[in-house]
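Thanks for coming, everyone. I would like to walk you through one structure today. Please have a look at it first.

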Amino acid sequence: MAEGGCTCGAVRYALTSEPMVVHCCHCTDCQTETGSAFVINAVIESDRVTVLAGTPDYVMTPSASGKGQEIARCPCCRVALWSHYANSGRKSSFVRVGTLDDPGAMPPDVHIFTRSKLPWVTLPEGVPAFEIFYPTSEGIWSDVGRTRWKALLAA
């Protein structure tokens, strides 16, 4: 479905399906961790991320939840490729859309933690945005994505 990799090319991966949802997170942790204004993560089941070349290193970093996040990084150029968060562990991957060969093909479904959005970032019209995280009742996820997430957590 989509391929990506790190800057140096030592690690390459493929997504074997569409993600369940794509988040654009403006929290200060994501800003610090990426060195940018936000991060765009495609949330997908980890068994739908196939490593094509290389072997990522897994690095634990702090998170706002206090439970940390595990980041898959290229062992050579250290680019972050995806993360695993405590709520689903290695069952799900939050793939950094910027590491895809065609990141423009995966626009965000939602902007989150906009309370800490940098003042010069303009959010696009028509894309839901939330000061913090969104309530699950908001209908951000498609029915298919929601079903896949529930199955992932039940596994």
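**A walk from one loop to the whole fold**

Let me start with Phe-113, which sits in the loop between S10 and H2. One thing to bear in mind: this is a predicted model. Now, back to that residue. Phe-113 has a positive phi of about 55°, although it is not a glycine. Is Phe-113 buried or partly exposed? At 22% relative accessibility, Phe-113 counts as partly exposed. The cut-off for buried is under 20%.

There is a second residue of this kind. Arg-78 is not a glycine, and yet its phi is positive, about 70°. Look for Arg-78 in the loop between strand S7 (69–73) and S8. Arg-78 is partly exposed, with a relative accessible area of 33%.

Next, the pocket. Phe-113 takes us there. Phe-113 is among the residues nearest the centre of the largest pocket, along with Tyr-85, Phe-94, Ile-112 and Phe-133. In total, 34 residues line this pocket. The space inside is about 880 Å³. Which elements give two or more residues to the lining? They are strand S3 (21–25), helix H1 (28–34), S4 and H2. H1 gives the most, with four residues.

Now the sheets. Let me take the seven-stranded one. It is open, and its order is S6-S7-S8-S9-S4-S3-S10. The pairing is mixed. As a reminder, strands of a sheet pair through backbone hydrogen bonds, either parallel or antiparallel. From one strand to the next, the twist averages 30°.

Let me zoom in on one pair. Strand S8 (residues 80–85) and strand S9 (residues 92–96) run antiparallel, paired over two bridges. Ser-83 has its bridge partner in S9, and that partner is Phe-94.

Asn-41 is buried, with a relative accessible area of 4%. What does Asn-41 touch, leaving aside its neighbours within four places in sequence? Its contacts are Val-21, Val-22, His-23, Tyr-85, Phe-94, Val-95, Arg-96 and Val-97.

On to the other sheet. Three strands form an open sheet in the order S1-S2-S5, with antiparallel pairing. The edge strands here are strand S1 (2–5) and strand S5 (49–53), and each pairs on one side only. Again, the twist averages 30° from one strand to the next. S2 and S5 pair over four bridges. Tyr-13 stands opposite Val-51 in S5.

The largest nonpolar core has 17 residues. Tyr-13, Leu-15, Val-49, Trp-82, Val-95, Leu-100 and Met-106 touch the most other members. Strand S2 (12–15), S4 and S8 each give two or more residues to this core. Another core lies apart from it, with 16 residues, including Cys-30, Ile-112, Ile-140 and Leu-152.

Pro-56 is in the loop between S5 and S6. At 8% relative accessibility, Pro-56 counts as buried. Pro-56 and Ala-10 are 46 residues apart along the chain, and their C-alpha atoms are separated by 9.0 Å. Beyond four places in sequence, Pro-56 touches Val-11, Val-51, Ala-72, Arg-73, Pro-75 and Trp-82.

The other one is Asp-109, in the loop between S9 and S10. Asp-109 is partly exposed, with a relative accessible area of 35%. How many residues separate Asp-109 and Ile-140 in sequence? The answer is 31, and C-alpha to C-alpha they are 7.0 Å apart in space. Ile-140 is also in contact with Asp-109, as are Val-21, Val-22, Val-127 and Pro-128.

That is the tour. Thank you.

Note on methods: Residues numbered from 1 in each chain as written. Predicted model: local features only at pLDDT ≥ 70, side-chain atom pairs only at ≥ 80, totals over all residues. Heavy atoms only, no water. Pairing = 2+ DSSP bridges. Axes fitted to C-alpha atoms, helices over the stretch in contact; angles between N-to-C directions. Core = buried A, V, L, I, M, F, W, Y, C linked by side-chain atoms within 4.5 Å. Buried < 20%, exposed > 50% of the residue type's maximum accessible area, 1.4 Å probe, protein only. 1 Å grid on protein atoms, 1.4 Å probe; cavity = no way out; pocket = protein on both sides within 12 Å on 5 of 7 lines; lining within 4 Å. Points joined across faces, edges and corners; volume = space filled by probe spheres on them. Contact = heavy atoms within 4.5 Å.
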